[in-house]
Amino acid sequence: MIMCPTCGGPDCIRPAEDVLDSIYQMYMACPGCPPEPGWDKQAPLAALLHGDTVDENTLLCSSCRRRALDGVMGHVLAVMLEHGDREEGAGLALVGTPLISCGFPIMYPPRLGQGDLVLIADNVHPDTAEDIVDRVPEVRGVVLRVGDQAHSVGILDPDSRPHEYTLLAGCDMRCDVAMSALGELVIYKSQSRIHIEFPRESGHKMNVLGKLDLEGLLAGRVVVDGMCGPGTLGLMAVLMGASKVILNDAWRPAIENVLLNLEVNRGLLDVEVERLIPTGDMPLIGDEPVLVARASRGGNTIAEVYFGDIRRLAGVVDDCDVCLIDSFPTADPSEYVKIWNDKVSCGKVIVI
Ligand SMILES: [Zn+2]
Ligand SMILES: [Zn+2]
């Protein structure tokens with residue numbers, strides 16, 4: 001059992017194999033589920049309920065004990081209205097952004113059970129958030145969005161001030177399934193401190209890896225994932241047969257997620273993970289790269305995890321074939337590209 005590093009609970013984190021075994025049925029309606037309500041997202045809640053109140057039994061399926069997303073969001077909206085966090089007449093569209101706890105591309109509206117949703121919301125008070133987590137069983141956590149929606153969570157570069165959302169209640173730990181032609185991995189994220197990635201972005205990253213693989217630049221190669229975030233690209237490169245992957249990030253929450261994700265995907269990656277130093281006492285933003293963990297297979301080091309500045313990492317890495325630079329869309333990676341172009345002898349620097 002892996003305890004959740006955020007809330008300490010036993011239910012937030014599951015090994016990747018467990019998640020992947022259940023994911024295709026996880027959000028599908030059961031034969032007994034009531035039909036999809038298809039509520040108008042702009043209509044006032046009262047108009048949708050036709051005089052009824054909403055509670056945890058509204059739209060609940062009596063056989064699988066799950067609800068349609070509309071029912072869950074309607075319940076959340078009712079709590080927000082009670083607290084005055086939304087104006088009378090507000091529709092479901094104004095509640096916030098629902099993130100399912102195991103994200104993967106689904107072509108149908110999800111049915112949600114206990115703890116299946118992390119809600120990202122603007123303008124919500126802490127006591128309202130507590131009440132939502134207490135009363136709406138499907139909501140695992142409520143995260144307050146701070147600033148513009150386009151402003152990514154994390155750090156733009158090691159010189160910038162971090163941008164974080166605020167976890168108001170419950171737990172914000174959730175995962176996304178990364179899918180490539182060579183297999184799938186499960187990537188957990190502390191969602192108030194890590195960039196929210198939608199399937200299109202993730203698909204783009206996997207396409208970049210697929211192309212590298214076709215060019216012969218992945219299997220048997222040394223790959224640097226210089227701004228690795230929670231580790232999606234770097235860990236997938238391990239799965240795709242890289243001989244060694246160096247994962248690095250200057251944002252401590254990202255590194256803490258990478259360590260968790262190595263553990264979660266240990267079986268699929270066929271590695272043993274060794275933590276070299278505790279991360280708890282480290283500063284929030286790294287500078288000189290520090291080796292914090294190592295993953296090995298049959299005595300060979302397959303992955304190294306560094307906490308530090310991507311520019312300084314070039315002084316620590318002996319050589320590599322590919323350097324992946326996955327910076328925020330608003331960042332200018334040209335300085336990193338220049339440094340790593342000098343480092344990568346016969347391979348490539350790729351800006352994602
Ligand atoms: Zn948790
Ligand atoms: Zn059902």
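**Entry 1: two helices**

I began with helix α3 (residues 69–83) and helix α4 (residues 126–135), which pack at an angle of about 145° with their axes 10 Å apart. For my own reference, axes are lines fitted to C-alpha atoms, for helices over the stretch in contact, and angles run from 0 to 180 degrees between N-to-C directions. Helices (H or I, at least four residues) and strands (E, at least two) are DSSP runs numbered from the N terminus.

Which residues make the contact? From α3 I noted Val76, Val79, Met80 and His83, and from α4 Asp127, Thr128, Asp131, Ile132 and Arg135; contact here puts C-beta atoms, placed from the backbone, within 7 Å. They divide into four nonpolar, two polar and three charged. In this scheme Ala, Val, Leu, Ile, Met, Phe, Trp, Tyr, Cys and Pro are nonpolar, Asp, Glu, Lys and Arg are charged, and the others, Gly among them, are polar.

**Entry 2: a reminder about the model**

This is a predicted model, so I kept in mind that local features need pLDDT of at least 70 and side-chain atom pairs pLDDT 80 or more, while totals for chains, interfaces and linings use all residues. Residues are numbered from 1 along each chain as its sequence is written, and chains are lettered from A and ligands numbered from 1 in the order in which they are written.

**Entry 3: domains**

I looked up the domain assignment, automatic or from a database, and it gives domain 1 (31–145) and domain 2 (198–351). Their C-alpha centres lie 37 Å apart.

**Entry 4: the open sheet**

Next I traced seven strands in an open sheet of mixed pairing, in the order β12-β13-β14-β11-β10-β15-β16; strands pair if DSSP finds at least two bridges between them. β12 (272–275) and β16 (348–351) each have a single partner strand, so one side of each is left without a neighbour in the sheet. The twist averages 15° from one strand to the next.

Inside the sheet, β10 (222–225) and β15 (322–325) pair in the parallel sense over three bridges. Asp225 stands opposite Leu324 of β15.

**Entry 5: a hairpin**

I then followed β8 (173–180) into β9, antiparallel strands joined by eight bridges. They form a hairpin with two residues between them, and Ser180 has Gly183 in β9 as its bridge partner.

Is β9 enclosed or open? Six of the eight residues of β9 (183–190) are buried, so the strand is largely enclosed by the rest of the structure. Buried means 20 or more other C-beta atoms within 10 Å, exposed 12 or fewer, and partly exposed in between, with C-beta atoms placed from the backbone.

Conventions
Two residues are in contact if their C-beta atoms, placed from the backbone, lie within 7 Å.
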